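Me: I would like to go through the terms used for this structure and ask what each one rests on.

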Amino acid sequence: MAKGMDCLKCGGALERGYVADKAHYSVPDTQKWVEGAPEHSFWSGLKMKDREVIPVMTYRCERCGFLESYALPQTP
Ligand SMILES: [Zn+2]
């Protein structure tokens, strides 16, 4: 699905990438989609145990800068 995608806003070409997050110890990581509502934990920031976690990939329009994100389960 990654090939030949067009921007929803202007029809420009979409370039694949990801949005970097500063997660643990300020180490850059990819943004993640986590199922359910966010629950804060004193020890780990946000509780992610027993949740489905999917890395988010984001396409950027080369023309207008619009970002379109997808959280697709990784294929083994
Ligand atoms: Zn665009």
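Me: How do you know that strand 8 and strand 9 pair?
Reply: This is a predicted model, and in it strand 8 (residues 57–61) and strand 9 (residues 67–70) are joined in the antiparallel sense by four bridges. Pairing requires at least two bridges, so these strands qualify. One of the bridges links Tyr-59 to Glu-68 in strand 9.

Me: What makes strand 8 and strand 9 a hairpin, and what is found in the turn?
Reply: Five residues lie between the two strands of this hairpin. Gly-65, in the turn, has a positive phi of about 85 degrees.

Me: How do you know that strand 1 pairs with strand 8?
Reply: Strand 1 (residues 14–17) and strand 8 have four bridges between them, in the antiparallel sense. The cut-off is at least two bridges, so this is a pair as well. Arg-16 has Tyr-59 in strand 8 as its bridge partner. Tyr-59 is also the bridge partner of Glu-68 in strand 9.

Me: What is the order of the strands in the open sheet?
Reply: The three strands run in the order 1-8-9, with antiparallel pairing.

Me: Why do strand 1 and strand 9 count as edges?
Reply: Each has a single partner strand, so one side of each has no neighbour in the sheet. On average, neighbouring strands of this sheet are turned by 25 degrees against each other, direction ignored.

Me: Why is Ala-20 called exposed?
Reply: Ala-20 belongs to strand 2 (residues 20–22). Ala-20 has 10 other C-beta atoms within 10 Å. The limit for exposed is 12 or fewer, so the word applies.

Me: Which residues does Ala-20 touch, leaving out those up to four places away in sequence?
Reply: Ala-20 touches Pro-28 and Thr-30. Gln-31 is eleven residues from Ala-20 in sequence, and the two are 5.8 Å apart in space, C-alpha to C-alpha.

Methods:
Residues numbered from 1 in each chain as written. Predicted model: local features only at pLDDT ≥ 70, side-chain atom pairs only at ≥ 80, totals over all residues. Axes fitted to C-alpha atoms, helices over the stretch in contact; angles between N-to-C directions. Buried ≥ 20, exposed ≤ 12 C-beta atoms within 10 Å, placed from the backbone. Contact = placed C-beta atoms within 7 Å.
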